[in-house]
Amino acid sequence: MASSTMITIEVDNVSYTDDVEPRLLLVQYLRERLGKTGTLIGCDTTNCGACTVHLDGVSVKSCTMFAVQADGHRVTTIEGLARDGKLAPMQRAFHECHALQCGFCTPGMIMQSASLLDENPHPSEQEIRDGLEGNLCRCTGYQNIVAAVQAVAEGTVSSDSDETETAGVA
Amino acid sequence: MTTAEVGRARLRKEDAHLITGRSRYTDNITLPGMLHLAMVRSPFAHAKITSVDVAAAKSSPGVVAVLTGADVAAEQGSLPNAWPITPEQKAPAHPAIAVDEVAFAGEVVACIIARSAAAARDAVELVDVNYEELPVVLDLEEAAKDQVLAHPGLGTNKSATWVFDSGDAGTGKPIREALEGAEVLIERTFYQQRLIPSFMEPRSTVVDPTGEQITVWSATQIPHILRLMLALTLAIPESKVRVIAPDVGGGFGGKLQVTPEEAITVLAARHTGRPCKYTETRSESLMAAHHGRAQVQRLKLSATKEGIVTGLDVNLLADMGAYLGLVASGIPILGAFMYNSIYKFPAYRFECTNLFTNKAWTDAYRGAGRPEATFAIERMMDELAAELGLDPLQVRERNWIKHEEFPFTTVAGLEYDSGNYEAATAKALELFGYDALRAEQVRRRETNDPVQLGIGISTFTEMCGLAPSRVLGALNYAAGGWEHAQVRVLPTGNIEVVTGSSSHGQGHETAWSQLVADKLGVPFENVEVLHGDTQISQRGLDTYGSRSLTVGGMAVLAAADKVIEKAKVVAAHLMEASEDDIEFADGKFSVKGTDQSTALGEIALATFSAHNLPDGFEPNLDSDATFDPQNFSFPHGTHLAAIEVDTETGRVSIRKYVCVDDVGVVVNPLIVEGQVHGGLAQGIAQALYEEAVYDDAGTLVTGSFVDYLVPGAPDLPHYTTARTETPSTTNQLGAKGVGEAGTIASTPAIVNGVLDAVRHLGVKDIRMPCSPSRVWAALEEAKMTGGVR
């Protein structure tokens, strides 16, 4: 069995120190050691993006990194996106725009979408589509996901987390 | 009703946990002492297994046990096929783990059980299997010749042949007369490439054998059917198996299966006495989960010079792959009833031969038989239009069933209850700007623009709401098509709805809450929907074929009606009135002609306390209902696509996509819209991107998402969607079903558009997917053979 390495990672504002095998992927560490099961694994070739998290505020695919590579870094998962009991704007937008169906790609999509707007706060539809290229969804046809990102960019997401009714999207 | 939930764009109840990462997908489940499984899979498409040596794997660190086919053959019977379409149907036995022979690359030959997933995977490499390779048969037309056999022991590749002839059935004229007397005869062969459903959540199973009952969590569309089939094939009492489908990450028919991996996980848990988990990798999923489509369609269509169709003859070869899946053999049969689509064909014949090949097994994939049929007939209508120099819309209009002709019995023997093809088409044309785009098309042709414009048309109907049981029985399907529901009234007046139809993304919890809120006059928020656990939802036939609302939703309404009837009895008793004088509206029971009334919640509490009930009244308002519809439902629509084809590179882009779907009465427009979008993406993917490709040895070349092109956001267009609403007359709500519409209609719309863009250059057909290289090659071939340019 491979040797192990001690790492310290801050995940969702909590610091963890753990002994891990060097081959352990970051996504496995998050899911299996920390119980952050909101980050999901949909493929083994880094194509689907279901495992997308933020590393020091920038989106990365956690199936394409070893846990040891995150040593000393700050990770945010979908579980850490809501703050003080309030959903992040992108989470609200996905709900309000019906941008999810089965929900499996959703955490990765939300993390990638949030990161996309950090880089480019006012993207065109094409820029949004291009920015989501690395995240696959099989349910929504992407239209409502694009609408959710646009809603956040345009500031048209509701400001609280109340259940609100929509007149329809797109 | 004051609440009027039906028709309202309610945001989904089920989103809350999914957007915050509190999801309960099967792979998220971890139990104390849980073991992990990894599968040893055959690298060969067809081979005799001469030996399996597991000694090294067994002594690998962390490994607890290794199972081979021989270890489990006595316990696990053949995996099930529930649709023997003919009494003579042939099928090889399908063991969960191969014993003597493998018939496709990816078939399980051994299972490692270890203390961690990593340890299990490490040990896979240590299993030493000796194979003696056998010849493979991969191509359908080759398979039909029976020269190389996928299963030598079977003596043929033919599983079954199924025929429908309108002359024999009395639903139309004999086909021979139509074809022989034809003024115009169009003959074409179309290839429905193999597709891989590609649900985003890989299949996963967790089994806990430690109680009196075996509990199985599985990423499945069919918890009830799975429970029954595990019990039957493992020879254990049904009552000893509990199946839970927690959050399920998409299915699209791809999880409508009883898989070897599910059975193996149960066997592993029984052998070790410990909880076991198996989660496939995406590569395993692409290789070994079932595929869809995979047909060769040979068609002959006869018509008059005016474009009136006089007959259609369909001859299919359908690829079953190496084994018969749960409903695989019936998939082409579902299509058999849809080749005549929305048209009044006077004569029709359908013949299908199901064939075995050394490829992964096939089965239902979004639309299941109906997309294949719709593609073929919509391509043929365009071919007829091209032959006669007519507008493709004109040809359709001349043949379709008129609004005033419903109900209409088709040449395939179905009775369409309602439809209005004129209205949907008119709306679509307006949204699309049809005339302007046709004018632009002419300009581009005249100027020899390197980017040509095509207009793709697809009009369609489908049979939804899989049921009625007696019809399924007439087609030799082993099960019924009913659905079950229970409505429970809690002492607080809150409602629990238990449904046999479980969701894998369709929004049942929201839609069912809307149905019940309206029916019982309670707030939407006060309804809880429970599903996906055979211990809670004891009866059901699960989710597929757009049956959830039209069958499952109707069962919910029927159960709610019974609740009202029961509550009326208590209301009359409490208010000292006659039952005949009790009226129910908006959640209140009133005495006719008085201002006396009592709310459902008050009756619920009175029933719970049971201090003062009518003599003999059982103290609960809970009600069950099982709904079996009299007929299918028939949504329809008109889809229009403006397609640009770069004649220099072969690149296809969708400039505009407009669809008008008529799905009858809509419960939640948001959900309907979302279902249409997703369906369109899958249908467009068949037209342009996806294909399961095997090499000559039978190895899947598209074995990862690097090669199997599930389209991403940049690959798909913005869709313009709209609806017309012609209520179904076969259920009390008037709903028709929407899950498969987008997929069914979009594939022919896109391909018709691609061909419309390049037909004037001499291109007659392009096989799907219409990739740049295929389109470019077709253009080059047209030039070589005397095309126009």
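Student: Let's take helix H12 of chain B: how many residues does it have, and how far does it reach from its first C-alpha to its last?

Tutor: Helix H12 of chain B runs over residues 370-388, so to speak a stretch of 19 residues, and reaches 27 Å from its first C-alpha to its last, close to the 27 Å expected at 1.5 Å a residue. That expected span is 1.5 Å times one less than the number of residues in the helix. Helices here are DSSP runs of H or I with at least four residues, strands are runs of E with at least two, and both are numbered from the N terminus.

Before we go on, some ground rules. This is a predicted model, in which local features need pLDDT of at least 70 and side-chain atom pairs count only at pLDDT 80 or more, while totals for chains, interfaces and linings use all residues. Residues are numbered from 1 along each chain as its sequence is written, chains are lettered from A and ligands numbered from 1 in the order in which they are written, and side-chain values use heavy atoms, with hydrogens and water left out.

Back to H12(B): 16 of its 19 residues are buried, so the rest of the structure largely encloses this helix. Buried means under 20% relative accessible area, exposed means over 50%, and partly exposed is in between (1.4 Å probe, protein chains only).

Now try helix H8 of chain B, residues 223-234. H8 has 12 residues and reaches 16 Å, close to the 16 Å expected. With 10 of those 12 residues buried, H8(B) is largely enclosed too. Among the buried ones are Pro223(B), Ile225(B), Arg227(B) and Leu234(B). Their cover includes strand E10 (214-218), strand E11 (241-244) and helix H9 (260-272) of chain B. Just past H8(B), Ala235(B) has a positive phi of about 55°.

Leu140(B) is buried, at a relative accessible area of 8%. Leaving aside neighbours within four places in sequence, Leu140(B) has contacts (heavy atoms within 4.5 Å) that include Val296(B), Leu317(B), Ala318(B) and Thr357(B). Ala318(B) is 178 residues away from Leu140(B) in sequence, yet their C-alpha atoms are 7.5 Å apart in space.

Zooming out, chain B as a whole has 22 helices and 28 strands. Of its 789 residues, 65% count as buried. Among contacts in chain B between residues at least 6 apart in sequence, 80% join residues at least 24 apart. The C-alpha atoms of chain B fill a box of roughly 90 × 75 × 50 Å along the principal axes. A compact globule of 789 residues would have a radius of gyration near 28 Å, and chain B agrees with its 28 Å. That radius is taken over C-alpha atoms, and the globule rule is 2.2 Å times the number of residues to the power 0.38.

Chain A has 5 helices and 5 strands, in the order β-β-α-β-β-β-α-α-α-α along the sequence. Buried residues make up 56% of its 170 residues. The C-alpha trace of chain A spans about 55 × 35 × 30 Å along its principal axes.
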